[in-house]
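Hi everyone, thanks for making time today. Please have a look at the chain on the screen, and I'll walk you through what the coordinates tell us.

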Amino acid sequence: MNVQDRLNELLKKQNLSRYRLAKNSGIPEETLTNIFKRGSIPTIPTLEMICKGLNISLSEFFAEDDMIECSPELMELHDEWKFLTQKQKNLVLELIKEMRNKK
């Protein structure tokens, strides 16, 4: 993944300028200039600050496609799901589908 291309894509998507990104993320404009014009690769802490300025997570930055953030409840469900048998998984899915249809 090209960091500069990804940053440009995210800036365009959020309609942000590099100046605004620098202000939102709290990093010096010179750091962004080095990334964009000199091709410097940002450190992980710098990239985390940039992501904070973009209001995304580091995992979202590196995601190839649209990513869905998991809520704590969904993560708990996922963690428990791993221990179910296939029959139990099928029953849970049937229950969820039935509950959704009862609205």
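**A walk through the chain**

Let's start with the surface: the accessible area of the chain is about 8,000 Å², and 53% of that belongs to carbon and sulfur atoms. Before I go further, please keep in mind that this is a predicted model.

Now the overall build. The chain has seven helices and zero strands, so if you read along the sequence you get α-α-α-α-α-α-α. What about its dimensions? Along the principal axes, the C-alpha atoms fill a box of roughly 55 × 30 × 20 Å. The radius of gyration is 20 Å, whereas a compact globule of 103 residues would be near 13 Å. Of those 103 residues, 23% are buried. As for contacts between residues at least 6 apart in sequence, 49% of them join residues at least 24 apart.

Let's move to the inside. In soluble globular proteins, nonpolar side chains tend to be buried together. Here, the largest nonpolar core has 16 residues. Leu 7, Leu 21, Leu 32, Ile 50, Leu 54, Ile 56 and Phe 61 are the ones with the most contacts inside this core. Which elements give two or more residues to it? They are helix H1 (3-14), helix H2 (18-25), helix H3 (29-37) and helix H4 (44-54).

Let me pick out Phe 61 from that group. If we set aside neighbours within four places in sequence, Phe 61 is in contact with Met 1, Val 3, Arg 6, Leu 7, Leu 10, Leu 47, Cys 51 and Ile 56. Two of those partners, Leu 7 and Ile 56, are also on the list of residues with the most contacts inside the core.

Asn 15 sits in the loop between H1 and H2, and it has a positive phi of about 55° although it is not a glycine. Is Asn 15 buried or exposed? Its relative accessibility is 70%, so Asn 15 counts as exposed. Asn 55 is in the loop between H4 and helix H5 (58-62). Its phi is near 60°, again positive in a residue other than glycine. With a relative accessible area of 69%, Asn 55 is exposed.

Key
Residues numbered from 1 in each chain as written. Predicted model: local features only at pLDDT ≥ 70, side-chain atom pairs only at ≥ 80, totals over all residues. Heavy atoms only, no water. Helix = DSSP H or I, 4+ residues; strand = E, 2+ residues; numbered from the N terminus. Rg over C-alpha atoms; globule rule 2.2 N^0.38 Å. Buried < 20%, exposed > 50% of the residue type's maximum accessible area, 1.4 Å probe, protein only. Contact = heavy atoms within 4.5 Å. Areas by Shrake-Rupley, 256 points an atom, 1.4 Å probe, with all protein chains shown as cover. Core = buried A, V, L, I, M, F, W, Y, C linked by side-chain atoms within 4.5 Å.
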